[in-house]
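Biologist: Walk me through this one, please. I will ask, you answer.

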Amino acid sequence: MADEAIVNASGTDTPAVHDGSGGEDGVRRRDFINIAAVSFAGVGGLAVLVPLVSQMAPSADVLAESSTEIDISQIAPGQAIKAVFRKQPVFVRNLTPTEISEADKVPVSSLRDPQTLEERTKPGKTNWLITMGVCTHLGCVPLGAGEGEVKGEFGGYFCPCHGSVYDTAARIRKGPAPKNLEVPPYEFTSDTVVKIG
Amino acid sequence: MSFPWAKEYKPSHPLMQWLDEKLPLPRFVYNAVGAGYPVPRNLNYMWNFGILAGVCLMLQIVTGVVLAMHYAANSGVAFDSVEHIMRDVNWGWMLRYAHANGASAFFVVVYIHIFRGFFYSSYKPPREMIWLLGVTIFLLMMATAFMGYVLPWGQMSFWGAKVITGLFSAIPVVGTPLQQWLLGGFAPDNAALNRFFSLHFLLPFVILGVVILHIWALHIPGSSNPTGVEVKSESDTVPFHPYYTAKDGFGLGVFAILYCTMLFFLPNALGHPDNYIQANPLSTPAHIVPEWYFWPFYAILRAFTADFLFIPAKLMGVLAMFSAILVWFFLPWLDTSPVRSGHYRPLFRKFFYLLVIDVLVLGYCGGSPAETKYVLISQIAATYYFLHFLVILPIVASIEKPAPLPFSITQAVLGKDDQTAPAA
Ligand code: HEM
Ligand code: FES
C-alpha cells in the first residue's frame, strides 16, 4: 500500500523496481523478508514459553526427596505401617498366609486391573505388600493400614471418599477407582530394610 | 452505541470541560451509568444482580489485597498465618470472614444473575457475546474460588486441592504428568500453595478485565427487559441515573443486610470445621466435600460410576462435570425460539422451573456423602440436566405456541402506547 502510494505520487510506472520483486520465480523480496522476520520472531516467542511452562514442573529439590528407606523388622504378620514417599503415604503391609491365599484364590481375569499378588510383590517376599496409600480414583488416603481402621469387604483397603474397595493384594474390586493401588519402585537392601524410589 | 435520544454530556464547570478535552472519563461514566444511558423503564429486581456482582468483585479485591498483607504462602506457616489474621491482626477476623463469606455472596449473586439469563433468555441475539463473556467470568470465578480455598492450608484445603487436581489425572496418557505439572510435585505442597496464591491474586483482575468487556458488549444493544420486547422509542426508556442508581442502591442495601447477617452472626455456617485442622497429607477427612457453590457440579462428577464403552468411569465424570458448564456456551444456538421472556413462553416456563429444582437436587446430592442413594439420585438429575439443554430446549422452541407479546415496553407498562398503530 505505502509504496504504491509513493509510486503513484512520483508518477513513475516502473513497479518492478519499487515493489522489490526481483527473481524470475516471482517471489517478492519483501514477502520473503516478511515471512522470514515473522517466522523468526514466532520461533523466538515460542522458545520463551519453554521456561515459562517448565518452571511449573516439580523442581530439583522436590525430585531429590524421591527415595525413602524403611525398617520393616517391627511389622508383624497382619500389621501394616504408613511411611512417606514423595510426600505421599506408602503402605507397607505384612500379609498373613490367609490373606495371601485369599488374594491367590481370585481368578485374575475377573479383575478390573488384572494382576496377581506375585506380580505385585518381590519373588520370595509375597508377604510384603508395598503400595502407595493413594486411591487411584482422586487421590484420597484409603483406610486399612492403621490399627483398627476398616479394611472394606475384601479385607484390604477402603477409600472413604467415594467408596473404592481394594482386596488383600490392594487390587481394585469395587467403586469408581480404575486401577490397583500403585506399587512404587522399591528394593530390599537387606532382609529388614526396604528402599523405596 | 446508545439510543439516539440519549442525553449528551455537557460539563458546565471549566475544570470539567478541561478534563473532558484531555481525558473524557466523566463523559464515559455519564454514558455508562449516568443520565446519558437510557435503560428500559420496566426492569425488575432481577436486573439488580449484575451491579451486585460488580460490588462483590470489588469487595473481594479490597478484602483480598488486605489479607494478602498478613498472609504467608508457605506450607510451613500458611495455616498459622491465617490463625494470626484471626487472632492477632487488628480487625483480621472481620476481614477474613468478609472475604470467605464474600466469596459465597458472590456466588449467590452470580447464580441468580445466570438464572435470570435462563428465564428471560438474555443469551439470545443480539446479546450472545455478553452471555459468552459471562460464562467465561463464571469459569474464572470457579478457578479463583478453588485456589483461594486452598490458601488457609487446612484439611479441606489440602484434600480439595488433591481431589480437584486429581481430576486431571483422568485424562488419558498426559493425565498424571499434567497433574504433577499443575502441582509442581507429586502431591499438593509448598510449590502448589505458592502458585495458587499467585494465581488467586491475579485472576480477580483478569475477571475485572472480562467484566469490562462484558459491560462493553452490553452497552451496544443495551439491557433486555422482562417483556423481552426490544426498545422502540424514547418512552420505553428512562435514564440510568437517577432511576436505576436509586433502584440498584436499594437492592444493594438489602444485599448488605443479608451479607452482614452472615458475616457477623453466622461467619462459619458455610465453612467446614475440618478446615480448622492443619493439612495432613497422611490422613483424609472422613467426608470431603467442596464449598457449597460447587456441589451441583460435584454431584455430576460422582454420578459416573461405571465405564462407558472404552471411556473409564473416572474420565466420564470429569468430562460430564466440565460439559455441564460448557453447554451454556451453546445456549444461544440451542434455544431457537424467537420469543425471549419466559413470561410469554408457557411451556418453556415449566421446564425452567424443573431445571431450577433439578439443580437444587444436584446441589443437595453433591453436598451429601457418596452413598448409593445419593449417587442414584445424582445420576437421574444429571441426565435430566443435560436433557434440558440438549433436547428439551430445542424441542420446546419448535413446538411451543408463545403467548401474544405486547407491542412495546410502554404498552406493557401503561396499557397503551401513543406510538402504536390505530389499533391501540
Ligand atoms: C473473584 C474474587 C475472589 C474470590 C471468589 C475469592 C475467594 C476466596 C476464598 C473462597 C478463600 C478461602 C477463604 C477461607 O476459607 O478462609 C480466599 C482466601 C484468600 N484470598 Fe481470595 N477471593 C477473591 C479475590 C481475592 C483477591 C483479589 C485477593 C488478593 C489480592 C485475595 C486474597 C486471598 C487471601 C490472601 C486468602 C487467604 C486468607 C484466608 O484464607 O482468609 N482474594 N479467597
Ligand atoms: S478418591 Fe478414593 S474413591 Fe474417590
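**The interface and two local features**

Modeller: 26 residues of chain B are in contact (C-beta atoms, placed from the backbone, within 7 Å) with 21 residues of chain A. This is a predicted model: local features need pLDDT of at least 70, side-chain atom pairs count only at pLDDT 80 or more, and totals for chains, interfaces and linings use all residues. Residues are numbered from 1 along each chain as its sequence is written, while chains are lettered from A and ligands numbered from 1 in the order in which they are written.

Biologist: Which element gives the most to the side of chain B that touches chain A?

Modeller: Helices here are DSSP runs of H or I, at least four residues, numbered from the N terminus. Those giving two or more residues to that side are H7 (155-168), H8 (175-183), H9 (190-218) and H12 (313-326) of chain B. With five residues, the top contributor is H7(B).

Biologist: Is Leu347(B) buried, exposed or partly exposed?

Modeller: Leu347(B) lies in helix H14 (residues 346-366) of chain B. Buried takes 20 or more other C-beta atoms within 10 Å of the residue's own, exposed 12 or fewer, and partly exposed falls in between; C-beta atoms are placed from the backbone. Leu347(B) has 16 such neighbours, so Leu347(B) is partly exposed.

Biologist: Which residues is Leu347(B) in contact with, leaving aside its neighbours within four places in sequence?

Modeller: Trp181(B) is 166 residues from Leu347(B) in sequence, and their C-alpha atoms are 48 Å apart. The contacts of Leu347(B), beyond those sequence neighbours, are Val396(B) and Glu400(B).

Conventions: Two residues are in contact if their C-beta atoms, placed from the backbone, lie within 7 Å.
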